[in-house]
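Please look over the sequence and the model shown here, and then read the notes that follow, which go from the sheet to the salt bridges and on to the domains.

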Amino acid sequence: MTKAAFAFELGRFLDQADDIVKPEKLFGLVCDFALNFDCQWIAYGSLPSKCLKPVRGMLNYPDEWQQRYLEMRYDKIDPIFRTSRNRTGAFRWSDVYNDSRTTEDERRVFDEAAAFGLKSGISVPLHRPDGSLAVVSFAHVHDREFEHITITYLELVALHFHLRIADFTNSNDAEEPVRLSLREKECISWVARGKSSWEIGKILHISDNTVNFHIKNVLKKLDSSNRTLAAIKASNIGIINV
């Protein structure tokens, strides 16, 4: 695709994004745009903060990798998070991997991600004046570097997406604190430990349908698109201890 074609696709994205009022549809639009650069996998979320409300996380990573990431608690050592706190522009994962400050445990996160199909990627830190920080990551199945022009376009899309999500969030600032029932806490706590609905049902002596019912309620209360994000968010804001 030529530069003119990429510019056209960016303009179309911006026009369409301004007409969207649902975060999920906006995320889908970002995913569609990223496919122009062979980026199949996208993730968006905020870094843990004790005083600031996290933005809604969204991602389409392979389910198996999400499960592995959660089981290993890689959110605690993910080098993308550490790097994002100290960077203001997009960066390649390969640069972080090869950085002498990156530990072997941190490199293992990248190595395992590659084994699940996320072989190369970039991340875009998104800092706001209130001190909050979100990150958008783009990855593809090919083991090749992202070109500078690709990074530029994806960074622009990530920034626009984040600003639009902030608009949605600001319209709901009067939210009540999240409150989970005892059973909901039990279910999402076991999810955070990598258990399936069937396994949780056996542990709690309830059916897996009942487990799924409680987890669905947790997803709604935590404004999360899947159980992995809900478990991480519940842990980060102190609802559960893992």
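## The sheet

Strand 1 (residues 41-46) and strand 5 (residues 133-140) run antiparallel and are joined by six bridges, where strands are DSSP runs of E with at least two residues, helices are runs of H or I with at least four residues, and both are numbered from the N terminus. Within this pairing, Ile 42 stands opposite Phe 138 of strand 5.

The open sheet to which they belong has five strands in the order 2-1-5-4-3, with antiparallel pairing; two strands count as paired if DSSP finds at least two bridges between them. Strand 2 and strand 3 (91-92) are the edge strands, each pairing on one side only.

## Basis of the description

This is a predicted model, in which local features need pLDDT of at least 70 and side-chain atom pairs count only at pLDDT 80 or more, while totals for chains, interfaces and linings use all residues. Residues are numbered from 1 along each chain as its sequence is written, and side-chain values use heavy atoms, with hydrogens and water left out.

## Salt bridges

The structure holds 11 salt bridges, each defined as a side-chain nitrogen of Lys or Arg within 4 Å of a carboxyl oxygen of Asp or Glu. One of them joins the side chains of Asp 38 and Arg 144, at 2.9 Å from N to O. Because Asp 38 lies in the loop between helix 2 (23-34) and strand 1, and Arg 144 in the loop between strand 5 and helix 7 (148-170), the pair ties together parts that are 106 residues apart in sequence.

The domain assignment divides the chain into domain 1 (3-171) and domain 2 (182-237), with bounds that come from an automatic or database assignment. Their centres, taken over C-alpha atoms, are separated by 25 Å. In domain 1, 15 residues are in contact with 16 residues of domain 2, contact meaning heavy atoms within 4.5 Å.

Across the interface of domain 1 and domain 2 the rule finds zero salt bridges. On the side of domain 1 that touches domain 2, strand 2 (58-59) and helix 3 (63-71) each supply at least two residues, and helix 3 gives the largest share, five residues.
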